[in-house]
Amino acid sequence: MITREQIDTVLDHPVHDARGDKIGDARHVFFDDVTGEPEWVSVRTGLFGTSESFVPIHDAALVEDHLEVPYAKDQVKDAPNVDVDAGGHLSEQEEQRLYQYYGIDWDASWQDPGSGTGRATGTAGTVGTTGSADEAMTRSEEEMHVGVERREAGRARLRKYVVTEEQQYTVPVRHEEVRVEREPITDANRDRAMTGPDITEAEHDVTLYEEQPVVETRAVPKERVRLTTEEVTEEETVTGEVRKERIETEGTDEHGDQRRRR
């Protein structure tokens with residue numbers, strides 16, 4: 001059980017469940033109106049601590065630098081919503097809903113004043129105070145804590161496909177053509193010219209050759225392509241609302257002195 005003297009150690013410190021998992025941070029402590037003992041602690045849960053859940057503190061214990069409660073993390077986070085700013089008190093209906101949710105016998109708690117759950121007025125005590133005779137009012141403010149979460153932003157894929165394009169090359173090609181050469185009879189070639197019959201018919205064939213372009217394709221590796229990722233850091237401005245408590249006085253002047261009637 002947590003005593004009033006330990007409240008400062010509880011507030012703004014981590015709250016863990018029975019398995020050691022962190023639920024959140026302790027935000028407020030509510031006291032019983034009859035016994036004056038701590039009865040409930042509100043725990044900031046959710047993303048950036050934007051929600052508060054109530055959990056009984058009667059069976060809680062301080063373990064090193066955190067508060068340990070005998071309830072599961074999910075059970076605490078799913079507790080009934082309670083207006084934390086409703087005058088610093090729990091209504092009887094709110095308190096009864098919390099008792100029922102955590103399986104605490106409402107009637108048995110009423111019968112046992114020593115259990116720390118007395119309900120003379122049906123409300124819990126004020127928020128975050130310590131010391132039985134302290135009449136000071138605690139002013140609190142919400143602080144905005146901004147973090148980042150990693151999520152999937154898209155996907156990239158490498159896909160290989162084939163396209164056909166036309167290419168032109170100019171290559172030199174050769175071919176043979178017939179050319180007639182006439183050679184007059186001279187003493188040097190007379191003997192060769194006079195061989196054979198004098199007058200006859202004859203034919204002589206010459207084979208002509210030419211070159212033609214031949215196209216052949218071969219697959220040649222050109223490059224290797226892969227996908228990689230790199231982190232780029234840029235700044236984004238986020239805007240949120242925080243609530244701040246203000247305290248004003250009634251019946252006093254601007255210096256806090258009591259006004260005198262005239």
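**Salt bridges and their surroundings**

Guide: A network of salt bridges links Arg139, Glu141 and Arg246. The term salt bridge is used here for a side-chain nitrogen of Lys or Arg within 4 Å of a carboxyl oxygen of Asp or Glu. The structure is a predicted model, in which local features need pLDDT of at least 70 and side-chain atom pairs count only at pLDDT 80 or more, while totals for chains, interfaces and linings use all residues. Residues are numbered from 1 along each chain as its sequence is written, and side-chain values use heavy atoms, with hydrogens and water left out.

Across the whole structure, the search finds 11 salt bridges. One of them joins Glu142 to Arg243, with 2.7 Å between the closest N and O atoms. Glu142 belongs to the loop between E7 and H5 and Arg243 to the segment after H5, so this pair ties together parts 101 residues apart in sequence. Helices (H or I, at least four residues) and strands (E, at least two) are DSSP runs, numbered from the N terminus. Glu142 has a relative accessible area of 28% and is partly exposed. On this scale, buried means under 20% relative accessible area, exposed means over 50%, and partly exposed is in between (1.4 Å probe, protein chains only).

Arg174 and Glu211 form another side-chain salt bridge, at 2.8 Å from N to O. This pair also links distant parts of the chain, with Arg174 in the loop between E7 and H5 and Glu211 in the segment after H5, 37 residues apart. The two partners fall into separate classes: Arg174 counts as exposed, at 63% relative accessibility, and Glu211 counts as partly exposed, at 33%.

The side chains of Asp25 and Lys22 also meet in a salt bridge, 3.4 Å from N to O. Asp25 counts as partly exposed, at 23% relative accessibility. Lys22 is partly exposed as well, with a relative accessible area of 41%.

The loop between strand E7 (124-127) and helix H5 (190-193) also holds Met144. Together with Val146, Val238 and Val242, Met144 forms a nonpolar surface patch of about 340 Å² of accessible area. A patch is made of residues with over 30% relative accessible area and no salt bridge; like charges are joined within 9 Å, and nonpolar side chains (Val, Leu, Ile, Met, Phe, Trp, Tyr) within 5 Å. Met144 counts as partly exposed, at 46% relative accessibility.

Charge also meets an aromatic ring: the charged end of Arg4 sits over the ring of Phe31, 4.2 Å from the ring centre. That label requires NZ of Lys or CZ of Arg within 6 Å of the ring centre and within 35 degrees of the ring normal.

Aromatic pairs number five. In the pair of Trp40 and Tyr102, the ring centres are 6.4 Å apart and the planes lie at 45 degrees, so the pair is tilted. Trp40 is in strand E3 (residues 38-45) and Tyr102 in the loop between helix H3 (92-101) and helix H4 (106-111), so the pair ties together parts 62 residues apart in sequence. Rings of Phe, Tyr and Trp (its six-membered ring) pair if their centres lie within 6.5 Å; planes under 30 degrees apart are stacked, over 60 edge-to-face, and the rest tilted. Trp40 is buried, with a relative accessible area of 1%, and Tyr102 is buried at 7%. Ring pairs join Trp40, Tyr71, Tyr99, Tyr101 and Tyr102 into a cluster.

Most residues other than glycine have a negative phi. Asp12 has a positive phi, near 60 degrees, and is found in the loop between helix H1 (7-10) and strand E1 (14-16). Glu64 has a positive phi, near 55 degrees; Glu64 is found in the loop between strand E5 (61-63) and strand E6 (66-68). At 75% relative accessibility, Glu64 counts as exposed.

Of the 262 residues, 24% are buried. The accessible surface is about 22400 Å², with 45% belonging to carbon and sulfur atoms; accessible areas come from the Shrake-Rupley method with a 1.4 Å probe, and for residues only the protein chains shown count as cover. Among contacts (heavy atoms within 4.5 Å) between residues at least 6 apart in sequence, 60% join residues at least 24 apart.
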